[in-house]
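Please look through the sequence and the model shown below before reading on.

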Amino acid sequence: MEPSAKEQRYHQRRRAIIDAAASVFAEKGYHGASTKDIADILGIKQGSLYHYVSSKEAALEEVCWVGVDGFVMGARKILLSSEHIAKKIEAAVKNHLYPIKNRRNYVIVFNNERHHLPKTRRIRVSETSQEYENTVEEIFAQGIAAGDLDGEINPRIAMLALIGLCNSAIPWL
């Protein structure tokens, strides 16, 4: 069943609010941002936000989920592919950097602000992040097991280096 016009407008407005929250959180940080800042971007009253999100904290959580969305699935696809390890590593870099093009603010907020979530919400978001790290680590382990990478390489360190390198490029992209 297709959503009604009213439901579509609600979801469009909610998405615009989450986009605005991502922009404000990326620019000012979670603690430096206010719901008034988010409302001002949209030209609405601050109280109107609460029809769409229950709190600034809830907005942060949603921004973080959008920020991490797709990373794990992309990495799993790479892991399961039959490509040579060099192509897999190249694909892993692209998988990590591509979201910067179309959801830059979300990724920045995920990387920099997720630690401001309350513990239970932070744990759920962090589990997804850990799953991503484990999958990228397994890509390196596959290359080592196949003899295509030096057996002296520590897959965990290689994964951390790759993700760190990609994350350090974010401000430049």
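Among contacts in the chain between residues at least 6 apart in sequence, what percentage join residues at least 24 apart? The share is 69%, where contact means heavy atoms within 4.5 Å. This is a predicted model, in which local features need pLDDT of at least 70 and side-chain atom pairs count only at pLDDT 80 or more, while totals for chains, interfaces and linings use all residues. Residues are numbered from 1 along each chain as its sequence is written, and side-chain values use heavy atoms, with hydrogens and water left out.

The chain holds 7 helices and 0 strands, and its pattern along the sequence reads α-α-α-α-α-α-α; helices (H or I, at least four residues) and strands (E, at least two) are DSSP runs, numbered from the N terminus. The C-alpha trace spans about 60 × 40 × 30 Å along its principal axes. Of the 173 residues in the chain, 39% are buried, a term that stands for under 20% relative accessible area, with exposed meaning over 50% and partly exposed in between (1.4 Å probe, protein chains only).

Two packed helices are described by the angle between their axes and the distance between the axes. Here the axes are lines fitted to C-alpha atoms, for helices over the stretch in contact, and the angles run from 0 to 180 degrees between N-to-C directions. The axes of α1 and α2 come within 9 Å and cross at roughly 120°, and the two helices are therefore oblique to each other, given that angles under 35 degrees count as roughly parallel, over 145 as roughly antiparallel, 65 to 115 as roughly perpendicular and the rest as oblique. In this contact R13, A16, I17, A20, A21, S23, V24, F25 and K28 of α1 meet D37, I38, I41 and L42 of α2. By class, the contact of α1 with α2 has 9 nonpolar, 1 polar and 3 charged residues, where Ala, Val, Leu, Ile, Met, Phe, Trp, Tyr, Cys and Pro count as nonpolar, Asp, Glu, Lys and Arg as charged, and the others, Gly among them, as polar.

Helices α3 and α5 pack at an angle of about 110°, with their axes 8 Å apart, which makes α3 roughly perpendicular to α5. From α3, the residues L60, V63, C64, V66, G67 and V68 meet R103, Y106, V107, V109, F110 and E113 of α5, and the residues of this contact divide into 9 nonpolar, 1 polar and 2 charged.

Helix α5 (residues 85–113) also packs with helix α7 (residues 155–169), at an angle of about 45° and with the axes 9 Å apart, so α5 and α7 are oblique to each other. The contact is made by I89, A92, V93, H96, L97 and N111 of α5 together with L162, I163, C166, N167 and A169 of α7, and its residues comprise 8 nonpolar, 3 polar and no charged.

Where do the nonpolar side chains gather? In the largest nonpolar core, which has 26 residues, I17, F25, I38, L60, V63 and C64 touch the most other members; such a core is a set of buried Ala, Val, Leu, Ile, Met, Phe, Trp, Tyr and Cys residues joined through side-chain atoms within 4.5 Å. At least two residues of this core come from each of α1 (5–28), α2 (35–42), α3 (56–68) and α5, and α1 gives the most, with 7 residues. A second, separate core of 20 residues includes F71, I85, V136 and A158.

Not counting residues up to four places away in sequence, L60 touches F25, Y30, V109, E113, H116 and L117. I18, found in helix α1, counts as buried because its relative accessibility is 1%, and, leaving aside neighbours within four places in sequence, I18 is in contact with V53, A59, E62, V63 and Y106.

L149 lies in the loop between α6 and α7 and is buried, with a relative accessible area of 18%. Beyond its neighbours within four places in sequence, L149 is in contact with I85, I89, F140, G143 and I144. T128, in helix α6 (residues 119–145), likewise counts as buried at 18% relative accessibility, and, with neighbours within four places in sequence left aside, T128 is in contact with W65, V68 and V72.
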